[in-house]
Amino acid sequence: MNTTWHFINGRIIDPLNKVDRTGNLLVIDGRIAVPDHPVPAGTPEINVSGCWIVPGLTDMHVHLREPGEEYKEDILSGCLAAVSGGFTGVACMPNTRPVNDCAAVTAMITARAAGAAARVYPVGAISLKCEGRQLTEFGELRAAGVVAVSDDGQPVVDSQLMRRALEYASDFNLPVISHSEDPALSTGLMNEGPVSTRLGLKGIPAAAEAVMVYREIALAEFTGTRVHIAHVSTAMAADLIRAAKIRGVRVTAETAPHYFTLTDDAVTGFDTNTKMNPPLRTEQDRQAIQEALADGTIDAIATDHAPHSILEKEVEFDQAANGIIGLETAVSLSLALVRDKVVDERRLIELLAVNPAAILGFDAGHLSAGAVADITVIDPQQQFIYTADQIISKSRNTPFLDWSLQGRAMLTMVGGSIRYNRISAALP
Amino acid sequence: MATGPTFAHRHILGMEQLSQEDINTILSTADSFKEISVRPIKKVPTLRGLTVINLFFEPSTRTRLSFEVAAKRMSADTFNINASTSSTVKGETLPDTARNISAMYPDIIVIRHSCAGTPLLLTRYVRAAVINAGDGAHEHPSQALLDLMTVNEHRGTLSGLKIAIIGDITHSRVARSNIIGFTRMGSEVCVYGPATLIPKGIEQMGATLSPSLEEAVRDADVVMALRIQRERQNDPLLPSLREYAREFGISRSILSLARPDALVMHPGPVNRGVELNPDVADGPRSVILDQVTNGVAVRMALLYLVMGNS
Ligand SMILES: [Zn+2]
């Protein structure tokens with residue numbers, strides 16, 4: 001498989017190296033060549049004029065459903081969806097069946113991922129079976145390859161367990177990712193407010209997220225550990241994180257494209273593809289999330305890609321499963337932030353590539369000479385309609401079906417090998 | 001009925017979809033059907049040969065009976081499915097149930113379901129007209145229409161009135177449908193209840209949130225009390241029904257703040273001594289039984305109008 005390529009006429013955006021220039025980028029044997037390195041004879045050219053060449057994107061929050069729910073997604077299909085959406089790496093959450101709470105499950109995931117299109121970074125569980133009672137063996141999980149721990153899907157209800165998880169994880173330099181929702185307050189079906197009132201659906205107040213986010217901040221602050229808040233959806237939580245960062249608390253945060261794109265108004269019509277945890281919030285929250293992305297309060301955009309089949313989604317709204325797929329729409333939806341002047345190009349690449357790698361602690365997210373050539377090519381202009389027949393994920397649960405989108409990943413390269421391309425039929 | 005009124009709706013999913021003109025059409029049609037119920041032979045051939053299925057996923061005696069009586073007075077064949085105990089227990093999904101029923105070619109499906117939005121979901125899987133007989137806390141359009149009909153009969157108008165709705169607004173589909181219906185007809189709806197039972201943003205539906213029971217009832221043309229449950233799904237809403245009756249129940253002295261000719265309504269079944277003092281529930285201003293009578297007429301009108309449009 002060829003891993004030597006010459007990208008020509010692209011706009012190279014590499015925030016970590018403070019690069020933003022139009023020109024060429026040479027990849028030799030799967031690594032990025034030093035600038036002005038002579039182009040080896042016979043190197044295939046990839047003309048990417050009008051496109052951006054950026055460090056490979058990392059989605060730090062996906063559900064690949066394997067092991068256990070392969071009818072929704074598996075590691076191979078999820079990774080194919082990832083590379084088609086411009087992601088060279090994904091961090092997969094442990095709430096599979098069985099839960100990734102021991103080295104054997106991690107090893108199984110890693111083995112399956114060896115043949116996958118994207119890099120897979122397993123996240124281990126905080127507690128056995130994600131039941132919130134007994135800590136998993138973080139050392140063994142780390143050795144097996146997990147990059148973080150989380151009980152995502154469930155909040156850690158027991159505050160003492162969370163405190164101990166933060167402390168113990170610091171011994172292994174593992175980030176702890178918190179799904180922050182107070183379970184007693186979040187038994188509803190959508191955001192609590194005028195729309196839930198009109199629809200007669202039980203609400204989940206913004207306070208359900210805020211009280212848990214504040215607990216994590218207080219625990220991290222007291223113990224001097226770090227914590228990462230998953231899928232921030234509310235203005236209240238963003239404000240808490242902003243204030244904590246100013247105090248020097250080691251807190252990082254991510255949000256998902258749906259939280260800066262949609263509001264709870266989308267639930268009108270009872271489309272179960274608008275049902276997720278945390279729920280879509282108000283317009284005021286949506287704007288606050290955008291501000292938090294711009295001012296550095298929120299560090300990363302992650303999709304919370306959560307595939308479900310029609311068995312879980314073509315049912316009554318109350319009974320429908322939470323979550324939507326997101327790998328294939330994230331780049332397009334995030335590019336709207338640039339067009340709307342919420343963030344600039346450089347900040348967008350920090351959110352999608354630089355910061356996720358930094359939070360998870362691996363060397364990626366830059367185009368330094370000698371670095372492994374994980375590269376995403378993005379055409380910020382291309383218009384397309386996201387139809388069901390284009391979906392690469394096994395599941396189709398998305399509220400963005402048939403949306404007219406602008407901007408798309410055109411080519412995804414992992415270690416110098418082209419894993420997905422929309423540029424030319426002549427390329428792999 | 002040779003020249004039926006124009007009515008543009010294939011399904012009746014909620015008051016939200018009905019214009020003032022639609023509501024007037026339904027009420028005048030119901031009015032013309034009402035006299036059938038007092039004839040010695042209470043049957044007209046209007047819907048002969050048509051099949052009406054009452055698909056009830058939630059126990060209901062009153063509403064189901066009312067729809068069944070309405071359909072039979074119109075000569076339709078009616079079948080009742082108590083889905084709460086049958087197919088869902090076997091793990092059959094709503095789309096499965098719907099496609100199965102649709103394969104029997106019913107003309108109208110009347111659905112009640114504990115989940116909001118289910119009647120809309122049903123329309124995707126069946127050819128029949130769908131009438132919502134109550135979906136979760138969302139809508140109960142036939143109840144609102146019979147309430148509008150009852151008030152209109154007693155007041156001669158539906159505009160410029162003050163309607164007080166008291167009690168559990170959060171879990172009440174009757175409250176939502178009535179807020180939409182009465183405000184659309186030009187009346188003011190004031191709601192009041194314990195703060196644990198007032199949903200966020202109810203004002204955005206067009207209702208006025210009253211600061212006290214007295215303010216809600218003062219000068220009201222209609223005082224409507226809603227059925228109360230103390231606790232739902234482990235959510236502690238009220239400490240006791242005793243306290244509810246004392247603080248939020250409609251007594252004769254509270255009622256004296258309303259207009260002298262104010263109507264007392266309740267969607268039933270009444271917790272006597274809780275939402276309504278017995279002397280109020282059975283008092284001269286109570287039109288609760290008129291509501292029941294008009295329920296049959298309104299449902300006859302709905303069955304007729306959705307068929308006229310198929
Ligand atoms: Zn989560």
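The second largest pocket in this structure, which is a predicted model, has a volume of about 600 Å³. Its lining is made up of 27 residues, and those that lie nearest the centre of the pocket are A:Arg65, A:Asn95, A:Gly153, A:His308 and A:Asn322.

Now to the contact between the chains. Chain A contributes 17 residues to it, and chain B contributes 25 residues. Together, chain B and chain A bury an area of about 1,600 Å², with 58% of that area coming from carbon and sulfur atoms. On the chain B side, B:Cys115, B:Ala116 and B:Lys200 account for 27% of the area that chain B buries against chain A, more than any other three residues.

How many salt bridges does the rule find across the interface of chain B and chain A? The count is zero salt bridges. Polar contacts are there, though: four residue pairs between chain B and chain A, with both residues at pLDDT 80 or more. As for helices, α3 (94-102) and α4 (118-123) of chain B each provide at least two residues of the side that touches chain A.

For a side-by-side view, here is how the residues divide by class in the two places.

Notes: Residues numbered from 1 in each chain as written. Chains lettered and ligands numbered in written order. Predicted model: local features only at pLDDT ≥ 70, side-chain atom pairs only at ≥ 80, totals over all residues. Heavy atoms only, no water. 1 Å grid on protein atoms, 1.4 Å probe; cavity = no way out; pocket = protein on both sides within 12 Å on 5 of 7 lines; lining within 4 Å. Points joined across faces, edges and corners; volume = space filled by probe spheres on them. Contact = heavy atoms within 4.5 Å. Buried area = accessible area lost by both parts, 1.4 Å probe. Salt bridge = Lys/Arg side-chain N within 4 Å of Asp/Glu carboxyl O. Polar contact = N/O pair within 3.5 Å; in protein donor to acceptor, adjacent residues only side chain to side chain. Helix = DSSP H or I, 4+ residues; strand = E, 2+ residues; numbered from the N terminus.
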